[in-house]
Amino acid sequence: MKPRIAAKTAAPPSASSAVPLPPIVHAIGGSIGSALAILTFYPLERIRVEIQSQQQQKKPQKSTNRDATTKKENADNPTQETYNQADESSKETILQCLIRLHKEKSLYRGAKNMAITLMISNFIFFYALQVARKSLASFHNNQNSSSAHQRQRRLRMSKSLASLLASTLAGVINVLLTNPMWVASLRIMESKSIRKKSNSNNCEANINHQQSNLWNVMHRIAKEEGLLQLWNGTFTSLLLVSNPIIQHFLYGQMRMRLLSLHRHRSKARSASIRNVVSLPSSSLTAAEEFVLGAISKMVATVATYPLQLAQVLLRLQSKNDADD
């Protein structure tokens, strides 16, 4: 009688033995996800840029309908007229801006170009991020240490720093390569204000004809205003690389505090009740992850908002505006 041979079952692959995805997969996933997100919330993005661009239009203008008293007051205080116009334009609320853009049928103006710009930008960012992470990981793995314990401790301590460094490098590469596309897409979004500044009907027709084509707008800006104008606002964009750094730092700190709170509660619960199976203390729920991400993003946005405002105004600024 032949002995029975137990069938061997293959063990499921562990998380550590899983094959990492190539950088191209992360880049495609990030670009598609960002495009879907911007198309979903594009009206909010449109209102944000519209309200921020109003700061560029708050300039003193000469008026022929003022009486002698008003002219004398303006002569005594040249900045009074600027403040009056700033107060009038700043009275528009988000809801009023939404209604006005809807009536003008310009709420989704430039959505296609913005989605294309964001897709290319996030493709470059996520691809560069994964390549930088792999390069830094291989660099740390090649470092020799006196013992395996010291090597693992060094890797754990440098993991967060390597992640921040990789994000910074990817952000800098992304800004330098895609800043011309952001300048053109914002010009298209605010093409109405550009047409108001055009004194020639031919120039206005040229803008209307080319406003739906991102590459033609980039070519027109380089031809009429100079190639360097496409990189206007690059310095502020490089400073804004600190935005995700602040976000990730706050998220990590809040996550550690919340996990520590879960551990204390789990220990107290298991000490009071026997044979209680508690949830793993190293994981958070989806709702907790969402709240932590929202809070960290909000704080990072508020902290870097002056840079974001300067970035939008510089990208919308033409060469003629800079000369004036």
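A: A patch is made of residues with over 30% relative accessible area and no salt bridge; like charges are joined within 9 Å, and nonpolar side chains (Val, Leu, Ile, Met, Phe, Trp, Tyr) within 5 Å. A salt bridge is a side-chain nitrogen of Lys or Arg within 4 Å of a carboxyl oxygen of Asp or Glu. The model is predicted, and its local features need pLDDT of at least 70, side-chain atom pairs pLDDT 80 or more, while totals for chains, interfaces and linings use all residues. Residues are numbered from 1 along each chain, and side-chain values use heavy atoms, without hydrogens and water.

On the surface, a nonpolar patch is formed by Leu21, Ile24, Val25, Ile28, Ile32, Leu36, Met119, Phe123, Tyr127 and Val131. Together they have about 820 Å² of accessible area (Shrake-Rupley method, 1.4 Å probe, only the protein chains shown as cover). Helix 1 and helix 6 (111-141) each supply at least two of its residues (helices are DSSP runs of H or I, at least four residues). The largest share, 5 residues, comes from helix 1.

Helix 1 covers residues 23-40, which is 18 residues. From first C-alpha to last it reaches 26 Å, close to the 26 Å expected at 1.5 Å a residue (1.5 Å times one less than the number of residues). Its buried residues (under 20% relative accessible area; exposed is over 50%, partly exposed in between) are Pro23, Ala27, Gly30, Ser31, Ser34, Ala35 and Ile38. They lie on the same side of helix 1, because they cover an arc of only 130° around the axis (taken from the directions from the axis to the C-beta atoms). The face turned away from that buried side carries the exposed residues Leu36 and Thr40; Leu36 also belongs to the nonpolar patch. Val25, another patch residue, lies in helix 1 and is partly exposed, at 38%.

How values were computed: Buried < 20%, exposed > 50% of the residue type's maximum accessible area, 1.4 Å probe, protein only.
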